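Subject: Structure handover

Hello,

Here is the structure I promised to pass on. Please open it beside this message, and my notes follow.

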There are 2 protein chains.
Amino acid sequence: MNEYRVIEIKESVFEDNNKDAAKLRKELKDEGTFLLNLMSSPGAGKTTTLVKTIAELKDQLNIAIMEADIDSDVDAATISNTGTKVIQLHTGGMCHLDADMTRQGIRALDAKHTDLVVLENVGNLVCPAEFDTGSTKNAMILSVPEGDDKPLKYPLMFQISDALVINKIDVLDYFDFDLEACISRVKKLNPNIKIFPVSAKTGEGIKEWANWLLEEVNKAKN
Amino acid sequence: MNEYRVIEIKESVFEDNNKDAAKLRKELKDEGTFLLNLMSSPGAGKTTTLVKTIAELKDQLNIAIMEADIDSDVDAATISNTGTKVIQLHTGGMCHLDADMTRQGIRALDAKHTDLVVLENVGNLVCPAEFDTGSTKNAMILSVPEGDDKPLKYPLMFQISDALVINKIDVLDYFDFDLEACISRVKKLNPNIKIFPVSAKTGEGIKEWANWLLEEVNKAKN
């Protein structure tokens with residue numbers, strides 16, 4: 001297990017988050033760092049997906065992870081077992097991260113010379129969709145047990161995501177989840193979104209998702 | 001299918017939500033109505049659990065349901081199929097309900113002479129825990145696929161709940177979910193919480209949960 005820090009991030013004092021997010025995006029671009037903002041409900045499998053994604057990309061990219069949670073350091077401990085640089089951010093009860101909170105994490109992580117930083121946002125399909133973190137791209141995970149009606153109930157999250165990972169497809173037979181209906185609902189909200197059905201548990205589909213991410217990181221460098 | 005209304009609720013103007021929640025609790029007590037605030041992550045099975053709970057209690061109690069969501073009327077449509085009085089509340093993007101928003105729903109529902117009103121809160125383990133809705137009791141659902149570490153990450157939700165339904169126990173064999181470890185984490189946060197392992201799909205455990213709710217409704221009347 002790598003050592004890792006747990007830091008308490010402070011509520012932002014900036015009034016204009018969109019402006020601050022654009023500023024952070026430029027800072028990271030100048031440093032050659034791609035920031036992925038990864039969002040989902042609690043328990044959709046963000047950390048497990050990350051562990052598999054790290055295994056797929058660690059020989060091509062210099063990676064670091066920020067784990068945001070209300071409390072605990074469970075996820076940072078899991079990531080540290082992969083040997084990847086990781087920091088645990090405690091949000092002090094806040095349901096999302098904005099750009100300045102994200103910047104506090106990146107500066108504490110000391111992410112210079114890192115190709116890819118992934119922010120694992122607080123598990124929540126509502127608030128994180130409303131705050132630009134300064135990320136280069138946004139991705140979300142929807143897991144099969146949550147149901148295929150989630151795009152109807154939480155449309156904004158699906159609209160602001162560049163990629164959707166549909167996780168836990170290994171249990172499709174045990175749940176009433178219509179993959180085709182789900183994809184068609186998502187595409188109606190966001191025709192350009194990339195969709196990757198995966199099982200982070202078995203590894204199915206992880207390569208396709210990781211390849212997309214690698215391509216995006218490389219595109220952003222040029 | 002019963003007919004039902006969809007209403008847009010307005011953000012509250014009250015500064016002191018705790019005071020307003022105490023006021024609503026008294027209003028409901030005077031009207032003989034028990035309000036249950038039911039919370040969970042998206043897709044934990046609130047609506048399916050409610051459908052089974054209604055089947056269990058409809059001969060003993062006069063029941064009405066409020067379905068809160070950012071968008072859609074999927075859940076109100078499901079409940080209306082049971083013949084139960086239901087209203088869909090749209091929160092205008094808000095991630096939780098407070099007491100005044102709850103009151104707007106109850107008044108639009110016209111819940112007088114109703115023994116039990118259930119507010120199905122927005123799917124979210126963070127924000128709803130921070131706002132007293134004026135409910136008589138709070139209950140939450142954690143589903144097996146979400147993982148047994150959720151009490152560590154979202155402690156407040158487990159602390160403010162009077163009852164915890166652990167749903168989807170029919171798929172325990174397909175997930176790494178340690179029921180005993182989960183219960184012990186929850187009890188550490190909230191020693192008095194009542195815990196009901198159930199499968200809303202198969203009906204297992206629903207009777208025990210419904211009996212607890214019936215007893216609480218009867219206790220509150222006296």
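Predicted model: local features only at pLDDT ≥ 70, side-chain atom pairs only at ≥ 80, totals over all residues.

**The interface**

Start where the chains meet. 31 residues of chain B are in contact with 31 residues of chain A. Together the two chains bury about 2,500 Å² between them. Carbon and sulfur atoms account for 59% of that area. On the chain B side, B:Pro42, B:Lys153 and B:Tyr174 lose the most area to chain A. Those three together make up 23% of what that side buries.

The rule finds 2 salt bridges between chain B and chain A. B:Asp75 forms a salt bridge with A:Lys153, with the closest N and O atoms 2.7 Å apart.

Which helices of chain B supply at least two residues each to the side that touches chain A? They are helix 3 (74-80) and helix 5 (150-153). Helix 5 of chain B gives the most to that side, with 3 residues. By class, the side of chain B that touches chain A has 15 nonpolar, 6 polar and 10 charged residues.

**The core**

In soluble globular proteins, nonpolar side chains tend to be buried together. The largest nonpolar core here holds 85 residues. Within that core, A:Met66, A:Leu89, A:Leu164, B:Met66, B:Leu89 and B:Leu164 touch the most other members. Helix 4 (residues 99-109) of chain B gives the most to this core, with 4 residues.

**Helix 4 of chain A**

Now the chain A helix. In helix 4 (residues 99-109) of chain A, 8 of the 11 residues are buried, so this helix is largely enclosed by the rest of the structure. The buried residues are A:Ala99, A:Asp100, A:Met101, A:Thr102, A:Arg103, A:Gly105, A:Ile106 and A:Leu109. They pack against helix 1 and strands 1 (5-8), 2 (34-40), 3 (63-69), 4 (85-90) and 5 of chain A.

A:Asp98 caps the N-terminal end of helix 4 of chain A, with a side-chain oxygen 3.3 Å from the backbone nitrogen of A:Asp100. Just after this helix, A:Asp110 takes a positive phi of about 55 degrees.

**Two single residues**

A:Thr133 sits in the loop between strand 5 (116-120) and strand 6 (137-143) of chain A. Is A:Thr133 buried or exposed? A:Thr133 is buried, because its relative accessible area is 0%, and the cut-off for buried is under 20%. A polar atom of the A:Thr133 side chain lies 3.3 Å from the backbone nitrogen of A:Ser135. Neighbours within four places in sequence aside, A:Thr133 is in contact with residues including A:Ala21, A:Leu24, A:Asp98, A:Ala99 and A:Thr102.

A:Lys19 belongs to helix 1 (residues 17-31) of chain A. With a relative accessible area of 64%, A:Lys19 is exposed. A:Lys19 and A:Gly134 are 115 residues apart along the chain, yet their C-alpha atoms are separated by 9.3 Å.

Best wishes

Notes:
Residues numbered from 1 in each chain as written. Chains lettered and ligands numbered in written order. Heavy atoms only, no water. Core = buried A, V, L, I, M, F, W, Y, C linked by side-chain atoms within 4.5 Å. Buried < 20%, exposed > 50% of the residue type's maximum accessible area, 1.4 Å probe, protein only. Contact = heavy atoms within 4.5 Å. Buried area = accessible area lost by both parts, 1.4 Å probe. Salt bridge = Lys/Arg side-chain N within 4 Å of Asp/Glu carboxyl O. Nonpolar A, V, L, I, M, F, W, Y, C, P; charged D, E, K, R; others polar. Polar contact = N/O pair within 3.5 Å; in protein donor to acceptor, adjacent residues only side chain to side chain.
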